[in-house]
Amino acid sequence: MKNMFLTLLLILPAAHGQGQYTTVQKDSNDFVVSLPVYVADDDWSFTGTENMLFVPENRNSETSRKIPLHFFHFPAKGTATLPPVVFLGAGPGEPYSVKVFYDGKRAEAWRYELDFVNQNRDVILINQRGNPDTPGMQIPQFKYKWNNGGSLETPFDPNLRNDKRKAAYTESIAVYTKNGIDLRGYDILHFVDDIEAVRTHLKTEKIALIGNSFASQWALGYIQRYPLHVDRALFSGVEPLDHNYDDPQGIWEVFEKIEAYAQQDPNVSRSLPKIGLVEAFKTVIERLERHPETVVLKGFDDGRDVTIVVGADDLRFNKLNPRVQSYSAEIESWPKYITEMYHGDFRYLAMLSYGRIYNSSSLMIDPLVNNSLGISKKREAILKKRPAVKWLGDINQHYTATRDICPSPKVEDAFRLHKVHDIPLLLIQGDMDLSTPYDNATFLMETLNKGHLLTIKRGFHNAKRALIFANRELTDSVYEFMNIDFEHTEFEAFKKQLPKEFTLPEFQFWPIQGESLYEKHTK
């Protein structure tokens, strides 16, 4: 134990505030290292502790080594009248560190949430085991890399990419296992039980949960396993437990909505293909399936011309604009993107496809966690029969490429089956979400006796963040959900005060005419 503590002195990051390391050891199963932490700027501050609780790497092995589970704990700024609220990271792979408090606009919205609930509740931020960006992570480069096997002379081949990915993951599994990493301990149930370990350590009977995207799925796993310890939950970008694989029809329905909005914009509609955007997308896919396009990018690579052959799978892989750094810009540029290709300009798609010749990398925990949760055969069969598969292809190959070789234990269908319960849940879901379709939220609502769905019209994947920036007064009233004592106030009575939908400002679609997307990104 002494050597463990000395090691932590080296790996636990320095806090912004002053303080000394403290250790608490109640027994061999509850050892924590704690450091006071203070993060602040001109108009906000949070004071608490940064902690490492040592837990088994593999709880199913009696001889498992202990690994540090990192979490922040910020006591309530006022009187703590309600159970602590636990924030969970998205991904898998979103870390909590001191840096995220200062991460631009994203951090501004996140700090609003923390500060709102921290008035009356302790706030706990739990990091994901196996995330190399987590403070104190004992495996700094817990990733795998693969060569895509791509060529500029032939169109993108997803099967070749998946074969390369699988081979690289197989090799990485062997390397990490040889070096003493028990990969069986990085599954969804270990993630869930890490929440329980923190709750037990802090000796609180109940906790509330807040999360977006994968964090909602992680939290739903906790609700499934430990329902009696959940006070309430607030989710955005909802992922039900058996909705782990992406739904191609959900993406397709967003495309149809984009077209409807674009047709309402007189500055854009007159320049769209007469057959419509969705039909134009289909037409381009069919053209590329028949005859891949050979594209010459003038002066693209250090002044040299580059010739790239693009096919239908290049468009499927780059169906949106991955070089744009916001959800709204992806939506707003899509009509221009499709229209240019429909009229024969494939330069931008070729530019995006240039990356297929490079190596790719991913976190080891991504397939470990996702494949441990997996999907029921019934749900997978439904997704494979979606009409959109013909046009979008198999959008879940990044899961299926590695699922048969993942050493993480797989859950049973019973775990993925949501039970009807009385835990209050507030869902904030964008109807333009391309990652977790709107239907995810309506599906989950069917299992909630005390649920409310706030639909964000024109909202994307992190709809609650969009709401925070769009209307702070409304957001305050919505987040009062976290302050109400439902032991004394009926949920249905409070629910009547909540809006059912909120509409974000109109899209600002990119002009179809004029400078092309390729010219815009290479000038």
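**Close-up 1. Lining of the second largest cavity.** By class, two nonpolar, five polar and four charged residues line the second largest cavity. Nonpolar covers Ala, Val, Leu, Ile, Met, Phe, Trp, Tyr, Cys and Pro; charged covers Asp, Glu, Lys and Arg; the others, Gly among them, are polar. The lining includes E239, H243, Y245, R379 and N440. This cavity holds about 50 Å³. Across the whole structure, two cavities reach 30 Å³ or more. (Cavity: a set of points on a 1 Å grid over the protein atoms alone where a 1.4 Å probe fits but cannot get out; lining residues have an atom within 4 Å of a point.) The model is predicted: local features need pLDDT of at least 70, side-chain atom pairs count only at pLDDT 80 or more, and totals for chains, interfaces and linings use all residues. Residues are numbered from 1 along each chain as its sequence is written, and side-chain values use heavy atoms, without hydrogens and water.

Close-up 2. Eight of the nine residues of β4 (residues 66–74) are buried (under 20% relative accessible area, 1.4 Å probe, protein chains only). Strands are DSSP runs of E, at least two residues. β3 (residues 44–56) runs antiparallel to β4, joined by eight bridges. E50 has F72 as its bridge partner. β6 (residues 123–126) also pairs antiparallel with β4, over four bridges. There, H73 stands opposite I124. (Pairing: at least two DSSP bridges.)

**Close-up 3. Helix α4.** Twelve of the 14 residues of α4 are buried, so the helix is largely enclosed by the rest of the structure. Among them are F191, D194 and R199. Just after α4, K203 has a positive phi of about 55°.

Conventions: Buried < 20%, exposed > 50% of the residue type's maximum accessible area, 1.4 Å probe, protein only. 1 Å grid on protein atoms, 1.4 Å probe; cavity = no way out; pocket = protein on both sides within 12 Å on 5 of 7 lines; lining within 4 Å. Points joined across faces, edges and corners; volume = space filled by probe spheres on them.
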